[in-house]
Amino acid sequence: MDEINEAQKERGRVTLHDVARATGVSKSTVSRMLDERLPRSDSEKARRVRRIAEELGYVRDVSAASLRRGKTGMIGVIVPRLTDTVMAMLYESLAKAAARTGHFTIVATTDDEPDADRRAADMLLRRGVDGLVLSTAREGNGFTKELTEREVPFVLALRHNGSSLASVGDDRLGGYLATRHLIDLGHRRIGILTGPDYATSARGRVEGYRRAMEEAGFDVDPHLVMPSTFSIESGADAAEELLRRDPRPTAIFAVNDNTAIGALSAIAHAGLSVPEDISLVGYNDIPIVRRLPVPLTTVRVPFDQVASAALELLTAENLSAGDRIRVTTPTLIPRKSTARPTGGV
């Protein structure tokens with residue numbers, strides 16, 4: 001009992017699972033005995049369960065209970081920010097997919113701050129959503145584990161953590177397709193703007209880049225692997241660093257269209273042209289990139305498919321172990337920002 005109390009003090013929340021462990025009674029029985037909506041039992045077992053629950057500091061999670069009953073028809077969506085076109089496109093796809101099944105979506109933003117995830121989830125749960133879709137997953141921050149312990153239905157979208165239900169694009173394949181396209185055009189010195197390391201989407205695209213380079217027999221020059229975030233500003237700063245390399249890359253793969261737009265700006269400020277001096281590839285195919293002065297070659301993510309699969313996972317029952325992560329296939333969209341290198345490689 002003391003060990004459980006100490007563990008809960010550290011984690012800050014006592015769950016039905018903890019009460020069941022302390023009492024040696026099944027979780028479903030504990031749930032029934034502590035459910036104030038049901039007739040109160042005065043059996044010795046019930047009194048003991050209530051006493052131990054009180055000693056542990058258990059408080060019934062009304063929001064999680066309403067989620068399990070699934071009666072509100074609302075689905076909460078948590079995204080880093082809606083000023084990011086990728087997140088806006090994902091949310092619109094989720095809203096459309098939810099409407100087809102008679103659900104309504106409500107969104108909360110976190111600015112990609114881990115602690116804000118918890119606040120956003122609690123806010124949405126207090127409003128009685130039937131489940132959560134999160135595009136903010138970070139490996140190792142413990143938030144998804146907390147949701148699992150609270151028995152809150154949730155699914156991850158675009159990013160994953162390796163264990164929770166998730167609907168994602170095949171980022172390794174997408175990164176491979178982008179890099180292979182540049183290699184097939186004749187580029188050998190290919191730089192990459194990597195995106196944030198905490199996002200599995202960015203890491204997968206970098207892995208695809210490395211696989212394509214190694215498959216073609218080219219060494220990955222660490223000086224051409226440039227960290228960035230998913231912002232335009234970060235893309236510009238990272239591209240400026242790449243352009244200082246001697247020799248500079250003949251092509252750049254940015255793992256996000258925003259960073260590619262930033263790179264396009266940096267290339268122009270350096271007095272260079274795309275694709276004459278440097279070829280450029282982005283990722284996601286947000287609407288603006290096809291309307292740029294030089295339309296951007298990019299990798300298209302099927303957001304509608306990602307959204308539909310996420311909601312299917314959220315509402316499905318008895319999923320098999322192999323069906324917990326749905327992966328959709330991206331497509332390379334060649335446009336005018338890529339061409340064969342000039343002046344040799």
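**Entry 1: α6 and α13**

I looked up how α6 passes α13 and found a right-handed crossing. A crossing is right-handed if the near helix is turned clockwise from the far one by less than a right angle, and left-handed if anticlockwise. The model is predicted: local features need pLDDT of at least 70, side-chain atom pairs count only at pLDDT 80 or more, and totals for chains, interfaces and linings use all residues. I number residues from 1 along each chain as its sequence is written, and side-chain values use heavy atoms, with hydrogens and water left out.

Helices (H or I, at least four residues) and strands (E, at least two) are DSSP runs, numbered from the N terminus. Helix α6 covers residues 85-100 and helix α13 residues 303-315; their axes come within 8 Å and cross at roughly 50°. That angle makes α6 oblique to α13. For such angles, under 35 degrees counts as roughly parallel, over 145 as roughly antiparallel, 65 to 115 as roughly perpendicular, and the rest as oblique. Axes are lines fitted to C-alpha atoms, for helices over the stretch in contact, and angles run from 0 to 180 degrees between N-to-C directions.

I then listed the residues in contact (heavy atoms within 4.5 Å). Among them are Val86, Met89 and Leu90 in α6, and Phe303, Val306 and Leu311 in α13. By class, the contact of α6 with α13 has 11 nonpolar, 2 polar and 3 charged residues. Here Ala, Val, Leu, Ile, Met, Phe, Trp, Tyr, Cys and Pro count as nonpolar, Asp, Glu, Lys and Arg as charged, and the others, Gly among them, as polar.

**Entry 2: α9 and α10**

I turned to helix α9 (residues 171-184) and helix α10 (residues 200-215), which pack at an angle of about 40° with their axes 6 Å apart. The two helices are therefore oblique to each other. α9 passes α10 in a right-handed crossing. The residues that meet include Asp171, Arg172 and Tyr176 in α9, and Arg205, Glu207 and Tyr209 in α10. I noted that the residues of this contact of α9 with α10 divide into 5 nonpolar, 5 polar and 7 charged.

**Entry 3: α12**

How many residues of α12 are buried? I found that 10 of its 13 residues are buried, and α12 is mostly covered. Buried means under 20% relative accessible area, exposed over 50%, and partly exposed in between (1.4 Å probe, protein chains only). The buried residues include Asp257, Ile261, Leu264 and Ile267. Their cover includes β6 (190-193), α11 (232-243), β8 (251-254), β9 (279-281) and β10 (298-300).

I also checked the span of α12 (residues 257-269), which reaches 18 Å from its first C-alpha to its last, close to the 18 Å expected at 1.5 Å a residue. The expected span is 1.5 Å times one less than the number of residues.

**Entry 4: backbone exceptions**

Most residues other than glycine have a negative phi, and most peptide bonds are trans. I looked for exceptions.

A cis peptide bond joins Asp246 and Pro247, with omega about 0°; Pro247 lies in the loop between α11 and β8. Another cis peptide bond joins Val274 and Pro275, with omega about 5°, and Pro275 is in the loop between α12 and β9.

Leu158, in the loop between β4 (154-157) and β5 (166-169), has a positive phi near 70°. At 12% relative accessibility, Leu158 counts as buried. Asp285, in the loop between β9 and β10, has a positive phi of about 60°. Asp285 is buried, with a relative accessible area of 3%.
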